[in-house]
Amino acid sequence: MIPDELSVFLESGLSIVVATRDGELQPNGAVAWALSVHDDRAHVSVFLHPDAAKEMLENLGSYPQIALDLDLPTSHRACQLKGLFVSARKARAPERAEVERQLEAFSADLAAIGIPRALTAGWSSWPCTVLKVRVTDLFEQTPGPGAGDRLP
Amino acid sequence: MIPLESLTSCFQGIIPAWICTCSKEGIPNAAIISCIDYVDTRHVALSFQFFNKTKRNILENPKAMLRLIHPDTMQAYRLLLRFVRTETDGALFESMFRRIEAIASYSGLKGIFKLLGADVYEVLSVELIAYDAGVPASAGVSVPPAPLDAAVPFTMKALQELSACIHQAPTLDCLLDSILESLERIFGFRYSMILLASDRPDRLELIASRGYQQGGIGSEVGFGEGIIGMVAETHKPIRISGMLRQMLYAYAVAQRAKESGLCPEDRRIPLPGLAHPESQLGIPLLVRDELIGVLCIEGDATYRFHEEDRTYLEVLGGYLAIAIQNALLRERAEEDEPIPPRPHSGRRTKPKTAKTEQSPLDIEFFVSDECILARGEYLVRGLPAKILWKILREQAEGTCEFTNRRLRLDKGLELPVLKDNLESRLILLRRRLEERCPDIRIVQSGRGRFRLELGCEVNLIERP
C-alpha cells in the first residue's frame, strides 16, 4: 500500500506528529522520533518518547483512530497517514540505531533552516515506545494546491 | 495556566508549530501551521490560506490542540483551543495579510499564496510538555543567545539619542547617513536602507544604505513587491522573523502551484539587500498620510521584536519622515548658501585609478527610455538620468557650476510644479555615480549648488 518512494521518504528523518482524540473529540498530539514501514507496506511502527506514547495511549485504548503528519522542514514536502492503532510495545535495543539515524537526519535538516543543533541536543530519543499502526489512507500534505488530496 | 503573553516569542514563526484537530466522525488530523499571531491574553489567531482538512475539521468540531516551541529553549507547550470565528478584515487580518503578501511576492505567488481569513481561537489551557524539551538540562551546553531579543531597546533614552543625531545633520545627505548610522550604533541594526518615492508612480528608489557590500543605490521596488513594497502600499509597518522558514514554506506552495498550472511563470523578484535575510522589518515614512519613503531593516539573525515595539516603530517612522521632509524643504529654501563640509563616510567609493582616468568614458543616453548607460552598463534612469545628461552636455560647453534653482526652471526636465523631489534625485544621482561611475563626480559647493567634476574624457552619445 505504501509505495517504495514514499516509504524511503517516510524513513528519511522527518518531523513526525502523532494525533489522536478522546471520547469528546478533543484532539491531542505528540512528536515521534522515527517511523519504520513494515514489509507488508500496510503497517508502520512509530517511535515515541514513553511519556508521549502514554498520553497517546490514553486515547488509543478506546479510540484507535490515529493520524501521522510527516514533514521535511527544508522542502516542506509532507504527507499524512491515517490509520488505526494496533498495539504498543517497548522499543528493542537493535532498533535504537535506526531511531538515532532518523533523528540525526532531522536535526541536520533543522540546522539547515537555522535551528542550531544545541537547541535540539536535549531530545531524549531513547528509550522509546513503539506504536504499531495499520495505515488506511495516505494524503498529500505539502502546502499549496493539492494539499489534502489522496495519494495513489 | 501559563500566561499566554509570556510565550510571545513562540509566535514569531521561527520554529514551526503544529495543530491537531478532529472531524465529527472522530478522525484526527495534524498539520504544520504557517502563521500564528498572539491576539490577546486569551486568544490566538491562525492563518487560513487554503480550505484544507484543518479548516474543515474546526468548522465541524471547534476543539483543537496547538503545539508551540519556544525559539530560545526549544521547550514545547501544549495549548488547548476552541475555534471562535474567522476574521476577513480589521487590524488582525490586515497585519497577517501584509506579512503573507510580502512573502508571496518574493516567491512569485501573489494572488495564490494569500490569506483568506484569520481564524481566532480561544485558549482554554497552556501547559508545558515536560518530556518535550530541546535544550539539555545539563550544564556546559552552549545555547546561542537570542540576538537583540530583550534588547531591541526602544527606550526613551535611545530615541532621544537618535533624535539628537538627526537634529545635528546639516543636510539631507548627512541626515540619511546619520539615520542609518544611528540605527546601528544605538539599536544594533547592522543592515538598513532608506528608499524614497521615485519620480515614477508607485515605485521607490534606494537612496541610502548601510552594511551591504553593494550599496545598491538606485535599486527600485514597486509598490506591493516584497516587504518594502507592501509597506509602501499599505502604509503600515511589517516585520517578518524566521524568514528562511517562511520562504521555504512559500516555495513549497510555489512548486505545487506550478505543478498545478496555477503559476506557470517564475515571477520571483530578487530580494533587495541581504541575499538570505532571516528577519526583515519595514517601516513606512509618512507625513500626514503621504508616503515619503520606507525604512527597511534586515538581519542575518532572527530579531525578536515585541508586539509593543510596533508602536515605537510607527512613531519612529513618522519622526524620520518629518525629518527627511524638513531637510528637503530647508535645502530648497536655503539654496545658494554655503554649507559645512560633508563629513567623510567610510562607505564612499575609492578614487579612480590612473588607468581609468586615461580611458575615455562612453555615456549613452536613450531618449525614449530616459536611461543612461556608462561603458555599456546601466547607470541610471528617469529624472536622475535626464539631469545627468543635461549637466554633462552643459559641461561639454564649458559650464561646471550648477544650481538646483536653474534645474528647477528647466522645462526640459519636466519637473512637477509641486514636490519635485529634486534634492533627493540629486543625492541619488551623486551616490549612484560614486558607486558605479566614479569618473563622474557631483560635488556639492553650497546649499542648492553643485559642481561637476570629470576624471577622464567623456564621449556623449545620444540614442533615440
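Q: Which strand does β5 (residues 63–69) of chain B pair with, and in what sense?
A: Strand β5 pairs with strand β6 (residues 76–87) of chain B, antiparallel, over 7 bridges. Pairing takes at least two DSSP bridges between the strands. Strands (E, at least two residues) and helices (H or I, at least four) are DSSP runs, numbered from the N terminus. It's a predicted model: local features need pLDDT of at least 70, side-chain atom pairs count only at pLDDT 80 or more, and totals for chains, interfaces and linings use all residues. Residues are numbered from 1 along each chain as its sequence is written, with chains lettered from A and ligands numbered from 1 in the order written.

Q: OK, what's between β5(B) and β6(B)?
A: 6 residues, making a hairpin, and B:M74 in the turn has a positive phi of about 65°.

Q: Who stands opposite B:A64?
A: B:L81 in β6(B).

Q: Switching topic: how many residues of chain B are in contact with chain A?
A: 44 residues of chain B, with 44 of chain A. Contact means C-beta atoms, placed from the backbone, within 7 Å.

Q: And which element gives the largest share of that side of chain B?
A: α6(B), with 8 residues.

Q: Last one: how do α2 (91–106) and α5 (226–234) of chain B pack?
A: At an angle of about 135°, with axes 8 Å apart. Axes are lines fitted to C-alpha atoms over the stretch in contact, and angles run from 0 to 180 degrees between N-to-C directions.

Q: Which residues of α5(B) make the contact?
A: B:G226, B:I227, B:G229, B:M230 and B:T234.

Note on methods:
Two residues are in contact if their C-beta atoms, placed from the backbone, lie within 7 Å.
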